[in-house]
Amino acid sequence: MFTITANTRRAKPEDAGAISRVHEASWKHAYAGLVPYAALARMISRRDVNWWANAIRKSTLILVVEMDGEIVGYVTLGPNRVSTFPHEGEIYEIYLRPEYQGVGLGAKLFADAKLELKRRSYKGVVVWVLSDNDHAIGFYQNAGGRAIANGSEHFDDKKLCKTAFAWD
Ligand SMILES: CC(C)(COP(=O)(O)OP(=O)(O)OC[C@H]1O[C@@H](n2cnc3c(N)ncnc32)[C@H](O)[C@@H]1OP(=O)(O)O)[C@@H](O)C(=O)NCCC(=O)NCCS
């Protein structure tokens, strides 16, 4: 019998390659057919191993989740970027490898990210999600998030709507 353990921890510089691979697999899976191909390819190639190593060196707050020692997901977090929101913290990105989605790891990573923001005295959390990302919207609604604002973003010539979910 195997016992599989999931562990969340702060990213280290040597994790850059693994995070970059999670980013590529998860973004292709989540956004192919939604974000135009060329824009998606550009966003993925920009986030190569050097980009992630640099982000970790600059102390960007990144947590990774490991399954039996392998990094299968990451979350980035910090101060909320919209000054009119009362929520002080923001989860910028949360992504798992497609084959590890739907087994509770997202809930663990999300809870640990919220805890990390609370530890740093940020009151309230906001997350932006593309409004057509049905799976993530369902996840945030299930986690008790409240839709508080709408926005939009251009990806080449395509405009996509996005929604902000918040937790007080
Ligand atoms: C979004 C994401 C992080 C969620 O993680 P996950 O591991 O798939 O979700 P979990 O298995 O931890 O689900 C946690 C809970 O949410 C529920 N849930 C998950 N997706 C749901 C959905 N679409 N609708 C309703 N409930 C959902 C689960 O049933 C579970 O409920 P429970 O705690 O009552 O059992 C993950 O699927 C992912 O990486 N998706 C692709 C990238 C992405 O879109 N990221 C968000 C960008 S803003």
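**Exercise 1.** Work out how S4 and strand S5 (residues 125-130) are joined.

*Solution.* Start with the direction: S4 and S5 run parallel, and three bridges join them. Keep in mind that this is a predicted model.

**Exercise 2.** Follow the pairing from S2 through S3 to S4, and say in which sense the strands pair.

*Solution.* Step one: strand S2 (residues 61-67) and strand S3 (residues 70-79) are antiparallel, with seven bridges. Valine 65, for instance, is bridged to glycine 73 in S3. Step two: look at the turn. The hairpin of S2 and S3 has two residues between the strands, and aspartate 68 there takes a positive phi near 45°. Step three: S3 and S4 also pair in the antiparallel sense, over seven bridges. Here glycine 78 finds its bridge partner in glutamate 90 of S4.

**Exercise 3.** Describe the shell around the ligand: which residues come nearest, and which elements supply it?

*Solution.* There are 19 residues around the ligand, and Leu96, Gln101, Gly106, Ala107 and Gly138 come nearest. Elements giving two or more residues are helix H1 (16-31), strand S4 (89-96), helix H4 (105-119) and helix H5 (134-142). H5 has the largest share, five residues. Finally, sort by class: ten nonpolar, nine polar and no charged residues.

Methods:
Residues numbered from 1 in each chain as written. Predicted model: local features only at pLDDT ≥ 70, side-chain atom pairs only at ≥ 80, totals over all residues. Near = placed C-beta within 6 Å. Helix = DSSP H or I, 4+ residues; strand = E, 2+ residues; numbered from the N terminus. Nonpolar A, V, L, I, M, F, W, Y, C, P; charged D, E, K, R; others polar. Pairing = 2+ DSSP bridges.
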